[in-house]
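Colleague: I would like to learn how to read a model like this one, feature by feature. Could you take me through it?

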Amino acid sequence: MKKSIFTILALIVVASMVLAACGPKVVPFECTDAIGCVDVAPGEPIHIAYALVISGADETLGVDSRNGIEVAMALKGQLLGHDVQLTGEDDGCSAEGGQAAGTKLAADPTIVAVIGTSCSSAARVALPLLSGAGFSVVSPSNTAPDLTLEGNENNWPGYLRTAHSDLHQGAAAARFAFESLKVTKAATIHDGSLYAEKLQEVFANSFVELGGTITAQEAVDPNGTDFKSALTSIAAGEPEMIYYPIFVKAGSLITRQAKEVPGLETTYLMGADGMFSPDVVEGAGEAVEGLYVSSPDLAAFAAEYQSVFLPKYEELFGTQPISIFHAHAHDAAMIIFAAIEKVAVQDEDGTLHIGRQALRDALYATADFKGLTGNLTCSPTGDCANPVIAAYQYHVGEYPPTKVWP
Amino acid sequence: MQTQTPSPWKQATRYGLIGGAVAILMSLVGMVATFGQRYIVSGIFTMGQVMFLTPILIFAYMTIRRTAPQPINKVILLGALSGLSTSGVMAALVLTGQFLNLRAMFPNASPELYGILTFNQESALGLLLLLGTGLVIGGIAGGIYLLSPRMRSTLLQATTWVVLVGLLRDLIVTVSYRWGFLGNAVKALFAISGLTPLSAVILFILVGAVQYWRLERKQSAASRPTTNQKPYTRWLKLGGSALILILLPPVLGIFFSEILDNVGMYILMGLGLNIVVGFAGLLDLGYVAFFAIGAYTMGVLTSPELGFFSLTYWEALPFAMLACVLAGIFLGLPVLKMRGDYLAIVTLGFGEIVRLLALSDWLRPWLGGTQGIQRIAQPRIGDFLLNTQQELYYLFLIGIGIVAFIAWRLKDSRIGRAWMALREDEDVAMAMGINHVSTKLMAFAVGALFSGVAGTIFAAKLTSVYPHSMNFLVSINVLCLIIIGGMGSIPGVFVGSLVLIASPDLLREFAEFRYLAYGALLVAMMLTKPEGLWPEARRKLELHEDEFDSGQEPLMAMGNPDGR
Amino acid sequence: MFRNWMQRITLTDVVIWAIGLAILIGVIWGSIVTLGTGKYSTATWIDLTLIGLALGGVYALIALGYTLVYGILRMINFAHSEVFMSGPFTATFAAWALVGAGWWNKYPILSLLIVLGVSAVVSSIIAVLLERIAYRPLRTAPRLVPLITAIGASFFLQYVFRGLYGSGLKGYPEMTILQGFWMLGSIRVFKTQAVAIVGAVIMMLILYGIVQWTKLGKAMRSVSENKEVAALMGIDVDKTISRTFAIGGAAAGMAGILYLLLFPVAHFFMGFFPGLKAFTAAVLGGIGNVPGAFLGAMMLGLLESVGPSLFLDGLGIPAPYQLKDAIAFSVLVLILIFRPTGILGERLAQAKA
């Protein structure tokens, strides 16, 4: 058996050498980029990769982001006369998944840019690999502050994100609660994810700084379904508001169950952009009435989201968006496309040369880009999300929710 | 079923319909449409087509085998009928899709899918084409059946190779970039997606020819008596494999080093669980707990982030190992009297408790909680820091070498025989004077130790640990791999890890269908080889024994942790 | 007498008891402190209890499937959680179709029966197919082998349903007649909770009746005792096992609908965790024993809902509900230390374990 494999391999190699010798001569292009160039021959696609969570309990997050990228590709069509090819790896929403995905992608020099990761734990391990390979990386959903904190060891060159740092959003939510809703006693719930835990921590700290008190900081299982007991115990502290910056599945159930817990009937409920999704309206049913969420300010571009993005999404995948961050992923893809268009050098025969550092520079230089999630302007450390955080309020049967603040 | 054979035509239709159900399932699950643009041979046929044509072929072939022997023309006709039934079912799906909005329920019932099934033709013509294809492929299945076994296997091998190489195009090209000129040569074989038609034909003929020639040699070899192997060839082989193992990472690059590291980690854990489950027969569903304890001890002792200690990897290693052994004994004590599934559920609970404690806000100041522990030390040998996947591979290699040696020696030792006695029948073993307390605790402790070592390397490899990594699926994976490999068999652990851990990593093309394939693979393997891929010699003996002695159900007792 | 007893005690017994006692003291101490602080009112405790009972009811119905299969085949049907998922996930579409047709609130009882029927039939079919394809050929194989096929089948089914229905969440429509609550004296009982508890009890009784008093139940019990002898007595073993799976599947399907009444969101991963819990409950009660499964499930439900507040809150542990499973499992260990074969598992354990 082994012998036959070697024989075959040897013959393949010989045959391919013959074929290669007959191929057309390529005019050499002088690459002056500090970390190299990607060459895309005519007829070849521009290779974009994703590193998103596409299996396991968190998979809707990554699959939805990938759908967002595919919608962006479909809307964009060809890029400088080349197709865009999307391949990818599963980041597992975990450190080990991030390392596996990062390593595998780093081995492929045809990749121009990577969209990912889904989770910050994966990013911390994957980024050194992806950044080291010279890729530009744009994440649609990593929110951990350290990833774009200047001077932090987890802030890698070439990494940007269209998601918000938890620092912005948690503080904004606290301001909204204290100043606009005028509450002084709040409770928080997180689900053990890095995102939720960090957000509620930032919220709690800011809220206390503003002069409020935190009555409870509870945590639940994201895959659990019974949150009533946790809510009942929270109710004993008589909070005026509950902040639970978690994801759609547990978030919609908490929204429902909170209404049924004595003492919480009139308590304000608030989530974060992890619950900015049509699935919340479906999952929470009538209980969604009055639910607040913090999110980037979508007001100016909601029309395009409704009229262009959603129909295309449904055409391609047969469903409504299944999670959140598809718009962020769409925007991540779009700023990459724009940057590629800006820096790519095209030969007469159609060959593209993309300088890797040039691409990074172009991405960092993104300014006032009209995306679905707002006007994107990237900071030197890679935060591209529109820094304006708004609060929205859900009403039964209505999506997107109404903007109420600021 | 043996008493009356239904008419072969009826059977052909039946198999065809089952095939149709399988094909519809694959279509609606999304496998056909997802691979619709994934060419095997560029511009000619796609993986999507392979996905829905294979059921036709397989079920037609099964029909013929079940109804054999039949005259030649009837074989072809039966195959064609079966193929027609399969494609008929698919045509019905396409037709239904035209009138009903199936997409409201099945998001994958997209126009794209119908397009692929009808070869992108107008509806009437497309349906006819689909039915015709079924008919022809069914007929071809009949034709294949009529070929000589040698020709059949040649064709099968050649086709499989073409499909595999075409499918794994990206993987092969990615790896070959490291080989310079050779890499370019390899790349020239492929189109942008899949093989070029020319190289597909060359590959097909080459593989076919080699296989055909090999089978001939095998046939003639079978008639000659085999010569005994000389003693030095064994050492030569061993040395050769060792050399290959050492050279693997630099040759294959980081992509495969990463996969090998993962395999190595699971081999380490598998060797440990093999002692607990395979040798001692104690079903442990919470094995990840020790892995977590190893990783977290390493994290707490070495990470400057928490600010307790900042030991080096080697300084922390003995403490981590000690913690794991103690944890093994701690778990072992309360479960001493429990048997079978009671044991399984308590160990499962133990695994969950460890994960939840690591995750909890309560222990956050000590264990990092949700945010995990970062900046864990990596092993350093002299001035040389092992920090890439390729370098850590050698750490795994050494670790596995030591652990496998210990496991191998333990197996034939006094304690090893005591474990096996406990596994077979606990009461008898105790009556024979085996101290079940120390024996069981020893199994738990050694198993925990091996898993903990894997955990420390895991922590060092990632330089971080998160509670989310310590989930139940890790325990399940390890259990699956030792049973797929052959319970109680040390080489089985290696084989099982390679099959179960490496294959999902290689199946990158399948993306979210990996777990579907993984599940199907587990079921299929257990159905075809219930004793495992590389069974333990003793077990093979017992399985064999059973064929003569079916009254006592020794099979039920074997591997039965209750021992009865 | 006492001396005799002293001699039989070994160091390990002492250590085991010490562990058990430590858990027990923790539990009691936590409870006393919590009750002492008076943070929670009586009404709160009653609410928590009701939540726990409703949850326990759902666990019980899933646990019955595990226990029936275990009783007859001595195998953990790991894929039962996917059997549980398949029915209600499919039935969600039926429910929305009924909403679309305007029947949902017009004929609520009929609609509920239809949805229950769809769910039970789908789950039943999946269970029977599962047995036929993945378990039957392995009936004489070593016992861990079917466990692995069950795990494999579990993955397979999860991802098949993910592919079929998509990976998003599907909301389950609410029924107007089941909204709100009833007052029993001063106790507020949500209608969905009441339906879940009563439904679980009724279905438990029906299943118990089937196992105890019908011909099929007799066949099941005799197959469970000894397959060869049962076959000699003229019982069709294959058919009996198939039917056991069908019944277990139907119970899981109906449990799924009760589950959706309480937690109206369906998706392909919804079976995994309740399945794990139900399996735990079945073991806690003594696996293979129908009333045991019910008792175990109720206990688990109560532990999860009342436990964190009662045991941990007083000890000043932050975010106690994060540890609810840890509590449930600790108590499980505690119970199994003193009763190594579950609460009601005595008879079966001595006979066959």
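Predicted model: local features only at pLDDT ≥ 70, side-chain atom pairs only at ≥ 80, totals over all residues.

Colleague: Let us begin with the interfaces. How is the size of an interface given?

Modeller: The size of an interface is often given as the accessible area lost when the parts come together. Here chain A and chain B bury about 4500 Å² between them, with 60% of that area on carbon and sulfur atoms. The contact involves 57 residues of chain A and 46 residues of chain B.

Colleague: How much do chain B and chain C bury between them?

Modeller: About 5600 Å² is buried between chain B and chain C, 78% of it on carbon and sulfur atoms. Chain B gives 59 residues to this contact and chain C gives 64 residues.

Colleague: How many salt bridges does the rule find across each of these interfaces?

Modeller: Side chains of opposite charge can pair when their charged atoms come close. Across the interface of chain A and chain B the rule finds five salt bridges. Across that of chain B and chain C it finds zero. Over all chains, the structure holds 27 salt bridges.

Colleague: Which residue forms a salt bridge with E197(A)?

Modeller: The partner is R364(B), and the closest N and O atoms are 2.3 Å apart. This pair crosses between chains: R364(B) belongs to helix α15 (residues 364-367) of chain B, and E197(A) to helix α6 (residues 194-210) of chain A. R364(B) is partly exposed, with a relative accessible area of 25%. E197(A) has a relative accessible area of 1%, so it is buried. A salt bridge also joins R514(B) and D90(A), at 2.6 Å from N to O.

Colleague: Now a pair within one helix. Why are E315(A) and K312(A) separated by about one helical turn?

Modeller: Because they are three residues apart in helix α10 (residues 302-317) of chain A, the separation is about one helical turn.

Colleague: What about E131(C) and R139(C): are they buried or exposed?

Modeller: E131(C) is buried, with a relative accessible area of 0%. R139(C) has 18% relative accessibility, and the cut-off for buried is under 20%, so R139(C) counts as buried too. The two side chains meet in a salt bridge, 2.6 Å from N to O. Salt bridges that share partners join E131(C), R136(C), R139(C) and D238(C) into one network.

Colleague: On to the rings. How should I describe an aromatic pair?

Modeller: A pair of aromatic rings is described by the distance of the centres and the angle of the planes. The count comes to 47 aromatic pairs over all chains. One of them is F176(A) with Y292(A), an edge-to-face pair with 5.3 Å from centre to centre and 65 degrees between the planes. This pair links distant parts of the chain, with F176(A) in helix α5 (residues 166-180) of chain A and Y292(A) in strand β11 (residues 292-296) of chain A, 116 residues apart. F176(A) and Y292(A) are both buried.

Colleague: What is the angle between the planes of Y313(B) and W314(B)?

Modeller: The angle is 90 degrees, with the centres 5.0 Å apart, and the pair is edge-to-face. Y313(B) is at 2% relative accessibility and therefore counts as buried. W314(B), with a relative accessible area of 38%, is partly exposed.

Colleague: Where does a charge sit over a ring?

Modeller: The charged end of R150(B) is over the ring of Y212(B), 3.8 Å from its centre. K228(A) lies over the face of F190(C), at 4.3 Å from the ring centre.

Colleague: Last, a helix. What span should helix α6 (residues 144-165) of chain C have?

Modeller: At 1.5 Å a residue, its 22 residues should span 32 Å, and the end C-alpha atoms are 32 Å apart, which agrees. Of those 22 residues, 21 are buried, so α6(C) is mostly covered. G166(C) follows α6(C), and its phi is positive, near 85 degrees.

Terms used. Residues numbered from 1 in each chain as written. Chains lettered and ligands numbered in written order. Heavy atoms only, no water. Helix = DSSP H or I, 4+ residues; strand = E, 2+ residues; numbered from the N terminus. Expected span 1.5 Å × (residues − 1). Buried < 20%, exposed > 50% of the residue type's maximum accessible area, 1.4 Å probe, protein only. Phe/Tyr/Trp six-rings, centres within 6.5 Å; stacked < 30°, edge-to-face > 60°. Lys NZ or Arg CZ within 6 Å of the ring centre and 35° of its normal. Contact = heavy atoms within 4.5 Å. Buried area = accessible area lost by both parts, 1.4 Å probe. Salt bridge = Lys/Arg side-chain N within 4 Å of Asp/Glu carboxyl O.
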